[in-house]
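The following note sets out several points for a student reading this structure for the first time. Please keep the structure in view while working through them.

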Amino acid sequence: MSGWTLDVECTPLARSRAALIAVGVFRDERPLRGGAGLADWRLCGGLSRLLVERSFAGELGERALLPSEARLASPRLLLLGLGERGDDDADRYRQRVCEAARQAVGLGAPTLRLHLPGPGLDDGGADALVRGLHDAREQVRGTLQVFVAVDPEAETLGRVALERALAGHPTGGVSLPRTRERRAPAAARTPGGRSQPGASPGSSH
């Protein structure tokens, strides 16, 4: 089986260039929040219309694939039904990560951004994330780059948590990339490559 890579991404959802973005929808959470709420706003209420029309309800195991219609840098959006909010825990997070990765490979998407509700990238959350990817990799064949959405201030801590989690599962075939290209936001860069005074990075929201 081919190797997979995992990394954090603090680019705002609308500017992520992943081939596929996965967001989760709870059955009992209205209005939509988190990644689903952000995507709904960018799609001018497109997700909310699905809910009103009962084309999608957020039931556990439910899936829907939507085109972004150029309202996101990513061309496609994957909705995953998560069931009741009270069922949200590390094990469920592991399952939804696995499902998102399986769907991405099945759709032929080389890159996947995970914007799913979960325990966060503490040690427990990172471990659930890595386990979910290992589960998926055992079930499907292909190459996949996975990015998990984080706020800019959590980027370093998130990578440390992922490094620890991956070190605990050395035979899973998932790794952090060796090199990363770091760029300041375009609006904050001068021709000489230096950031302008007072410029701040964009939020992951």
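1. In this predicted model, helix α3, which covers residues 90–106, packs with helix α4, which covers residues 123–139. The angle between them is about 40°, and their axes lie 7 Å apart. Angles under 35 degrees would count as roughly parallel, and those from 65 to 115 as roughly perpendicular; α3 and α4 are therefore described as oblique to each other. The crossing in which α3 passes α4 is right-handed.

2. Which residues bring α3 and α4 together? On the side of α3, the residues in contact are A90, Y93, R94, V97, C98, A101 and R102. They meet G125, A128, L129, R131, G132, L133, D135, A136 and Q139 of α4. Sorted by class, the residues of this contact comprise 9 nonpolar, 3 polar and 4 charged.

3. Helix α4 also packs with helix α5, formed by residues 155–167. Here the angle is about 55°, and the axes are 8 Å apart. The pair α4 and α5 is therefore oblique as well, and α4 passes α5 in a right-handed crossing. Two packed helices are described in general by the angle between their axes and the distance between the axes.

4. The contact of α4 with α5 involves D123, A126, D127, L129 and V130 from α4. Their partners in α5 are A161, L162, R164, A165 and L166. This contact contains 7 nonpolar and 3 charged residues, with no polar ones. The student may note that L129 is named in the contact of α4 with α3 and also in that of α4 with α5.

5. The second largest pocket deserves a separate point. Its volume is about 430 Å³, and 23 residues line it. Which of these lie nearest its centre? They are H115, L116, P117, G118 and A149.

6. Of the elements, α1 gives the most, with 3 residues. By class, the lining of this pocket consists of 11 nonpolar, 8 polar and 4 charged residues.

7. The bond from R30 to P31 is cis, and its omega is near 0°. P31 is found in the loop between β2 (20–25) and α1.

8. Two residues with positive phi may be examined next. For C44, phi is near 55°, a positive value in a residue that is not glycine. C44 is placed in the loop between α1 and α2 (46–52). R54, likewise not a glycine, has a positive phi of about 60°. Where does R54 lie? R54 belongs to the loop between α2 and β3 (63–67).

Note on methods. Residues are numbered from 1 along each chain as its sequence is written. This is a predicted model: local features need pLDDT of at least 70, side-chain atom pairs count only at pLDDT 80 or more; totals for chains, interfaces and linings use all residues. Side-chain values use heavy atoms; hydrogens and water are left out. On a 1 Å grid over the protein atoms alone, a cavity is a set of points where a 1.4 Å probe fits but cannot get out, and a pocket is an open set with protein on both sides within 12 Å along at least five of seven lines; lining residues have an atom within 4 Å of a point. Grid points are joined across faces, edges and corners, and a volume is the space filled by probe spheres set on the points. Helices (H or I, at least four residues) and strands (E, at least two) are DSSP runs, numbered from the N terminus. Ala, Val, Leu, Ile, Met, Phe, Trp, Tyr, Cys and Pro count as nonpolar, Asp, Glu, Lys and Arg as charged, and the others, Gly among them, as polar. Axes are lines fitted to C-alpha atoms, for helices over the stretch in contact, and angles run from 0 to 180 degrees between N-to-C directions. Angles under 35 degrees count as roughly parallel, over 145 as roughly antiparallel, 65 to 115 as roughly perpendicular and the rest as oblique. A crossing is left-handed if the near helix is turned anticlockwise from the far one by less than a right angle, and right-handed if clockwise. Contact means heavy atoms within 4.5 Å.
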